[in-house]
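The points are grouped by topic and may be read alongside the sequence and the model.

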Amino acid sequence: PAAAPATGNEASHSMAGLLAAMPKETQSFVAMKDVGEVAAKAGAFAKRTGINLPLDQPSIVELATLRARVQAGLPPRGAAAVVYLDGEAYKDRNTLFLLPISSPDTFVEYASAKEVEAGLYQIGSDNDVRFLTFRDRYAIFSTSIRTARSVRDGQFGEPPDLSPSRLATAKASDIYAHVDLHRTLASRRDSSERFRKAVATKIVGDPTLQDYSKLLLGYMVAINELFEQLDALDIGLTFHSDDLAVSLAVKFADEGSIATALETLGSVTSEGLRWLPLDRPVVSTGSVALNPEAVKLAAVRFVDFVMQSSPQSQKSVQPKTREDTIKNVGELMDQMTGEMATMSILPDPASGAAEAGVTVMGIRDKDKFAAAVEGLFGNLQRVGNEVGSRVAVSYLKDQERYRDVVVNYIKPLITFTSKQHQELFDERAKKVYGPDGFLY
């Protein structure tokens, strides 16, 4: 038989039941509330939107056949997960599969599982063996008998690393992934360090990259520092009749500089949403109230970093240009209240654009703000000219009016090595962005 009789115990096969059956040593996991239901929802979503997601396993049986090499003794519906234990403790044998079952006895009978120790079973033969143990109404599979034995003898329960809000989101999601970035990266620190050293050696030793070596090595250091600041990443997907809800949470290390900066930067608020045209087909919205002084400091540091990180910046960006640009950034930030709202909306399908965006910012004085913007973009053009950049930004004032509102343009200018490439880019930009081309 391909499937065991259904028992009707839907609660234990829910996402909440699945999370409760996970080993306490779980470090990361990807969980699916109901394999068949999610596949059906994803198929309907693809028909409505044209976006195909790789979620085509129609039942637990097909998924189990692919992942756990088991073809019998499973109900057709229920939650399932791939779980990763501590990579440092378990090395390359830290992967588990959790699959729903009607009952341990029924599964053992239908799957012809052989008990090799008390509470520890084996299925398969030769080089395709799986070991398993049970928790509630779930079978937990591993390719390693040592891992399966450790799981059997260990504790179970909801992953302790999940905060109450993320746990609630996980239980409500169709698909949920949690990655303990801190411990995952720690388990791969040695191999990552060897890779970084090899890349650094290649950059320094390659004469074609000599002008860019400082920039590339600087980016590598910055990326490494960023990873050190990350603690966990959570993503939840929930399919609705007409849309897909995505929940994304990033947790930074408690004592890290990013977490400290975020605490002083501001907070999420719904106040700014009143400014947005929410009658349009919405992809995403967001509204924040930021600390203006913290934003000013971050903006000044970012612009200064960009200017100094250009490969030719040390010999090309003039001190006066750098000073004027940083001053303009400060003046611009002084005119911002810190209130900001943004949204992504579905564009005209004929445009070919992936999305269209609207951002609204609170300002103190529109004339001073406009003057600061004009001065900043003028100085950014000076920076581009001094470093020989092929990318510049042109600020065009009072290009049109809409309901007595002055509309200004920000137009990126990209210089190509051939006229053919320039014409091709302009042609494609007009197809995507409209007759004015690449324009804000």
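Ser394 is located in strand β15, which covers residues 391-402. The model is a predicted one, and its chain contains 16 helices and 16 strands. With a relative accessibility of 14%, Ser394 falls below the 20% limit and therefore counts as buried.

- Not counting residues up to four places away in sequence, Ser394 touches Gln381, Tyr409, Ile410, Lys411 and Leu413.
- Ser394 and Phe377 are 17 residues apart along the chain, and their C-alpha atoms are separated by 7.0 Å.
- Strand β15 is joined by nine bridges to strand β16 (residues 405-414), and the two run antiparallel.
- Within this pairing, Val393 stands opposite Pro412 of β16.
- The two strands β15 and β16 form a hairpin with two residues between them.
- Arg403, in the turn of that hairpin, has a positive phi of about 50°.
- In a regular strand, side chains alternate between the two faces of the sheet.

**The ten-stranded sheet**

- Ten strands make up an open sheet with antiparallel pairing, in the order β4-β5-β6-β7-β3-β2-β1-β8-β9-β10.
- Its edge strands are β4 (114-117) and β10 (244-252), each of which pairs on one side only.
- On average, neighbouring strands of this sheet are turned by 20° against each other, direction ignored.
- Five bridges connect strand β6 (residues 128-135) and strand β7 (residues 138-142), which pair in the antiparallel sense.
- Phe134 has Ala139 in β7 as its bridge partner.

**Helices lying across the strands**

- Helix α6, formed by residues 145-153, lies across β3 (95-100), β4, β5 (120-125), β6 and β7.
- The direction of α6 is at about 0° to β6.
- Helix α7, formed by residues 164-172, lies across β8 (175-179), β9 (230-239) and β10.
- The direction of α7 is at about 145° to β8.

**Aromatic residues**

- A search of the whole structure finds six aromatic pairs.
- Phe45 and Phe239 form an edge-to-face aromatic pair, with 5.8 Å from centre to centre and 70° between the planes.
- Because Phe45 belongs to helix α2 (residues 35-49) and Phe239 to strand β9, this pair ties together parts that are 194 residues apart in sequence.
- Phe45 counts as buried, at 7% relative accessibility.
- Phe239 is also buried, with a relative accessible area of 4%.
- One aromatic cluster is formed by Phe107, Tyr121, Phe134 and Phe141.

**Thr26, a buried loop residue**

- Thr26 is placed in the loop between α1 (15-20) and β1 (28-32).
- The relative accessibility of Thr26 is 3%, so this residue counts as buried.
- A polar atom of the Thr26 side chain lies 2.7 Å from the backbone oxygen of Pro23.
- Leaving aside neighbours within four places in sequence, Thr26 is in contact with Val83, Tyr84, Leu85 and Arg183.

**Thr325, a buried helix residue**

- Thr325 is part of helix α14, which covers residues 319-334.
- The relative accessibility of Thr325 is 0%, so this residue counts as buried.
- A polar atom of the Thr325 side chain lies 2.7 Å from the backbone oxygen of Thr321.
- Apart from neighbours within four places in sequence, the residues in contact with Thr325 are Val303, Met307, Leu376, Asn379, Leu380 and Val383.

**The chain as a whole**

- The chain has 440 residues, and buried residues make up 35% of them.
- Among contacts in the chain with a separation of 6 or more, 62% are between residues 24 or more positions apart.
- The chain exposes about 25,400 Å², and carbon and sulfur atoms supply 54% of this area.

Key. Residues numbered from 1 in each chain as written. Predicted model: local features only at pLDDT ≥ 70, side-chain atom pairs only at ≥ 80, totals over all residues. Heavy atoms only, no water. Helix = DSSP H or I, 4+ residues; strand = E, 2+ residues; numbered from the N terminus. Buried < 20%, exposed > 50% of the residue type's maximum accessible area, 1.4 Å probe, protein only. Polar contact = N/O pair within 3.5 Å; in protein donor to acceptor, adjacent residues only side chain to side chain. Contact = heavy atoms within 4.5 Å. Pairing = 2+ DSSP bridges. Axes fitted to C-alpha atoms, helices over the stretch in contact; angles between N-to-C directions. Areas by Shrake-Rupley, 256 points an atom, 1.4 Å probe, with all protein chains shown as cover. Phe/Tyr/Trp six-rings, centres within 6.5 Å; stacked < 30°, edge-to-face > 60°.
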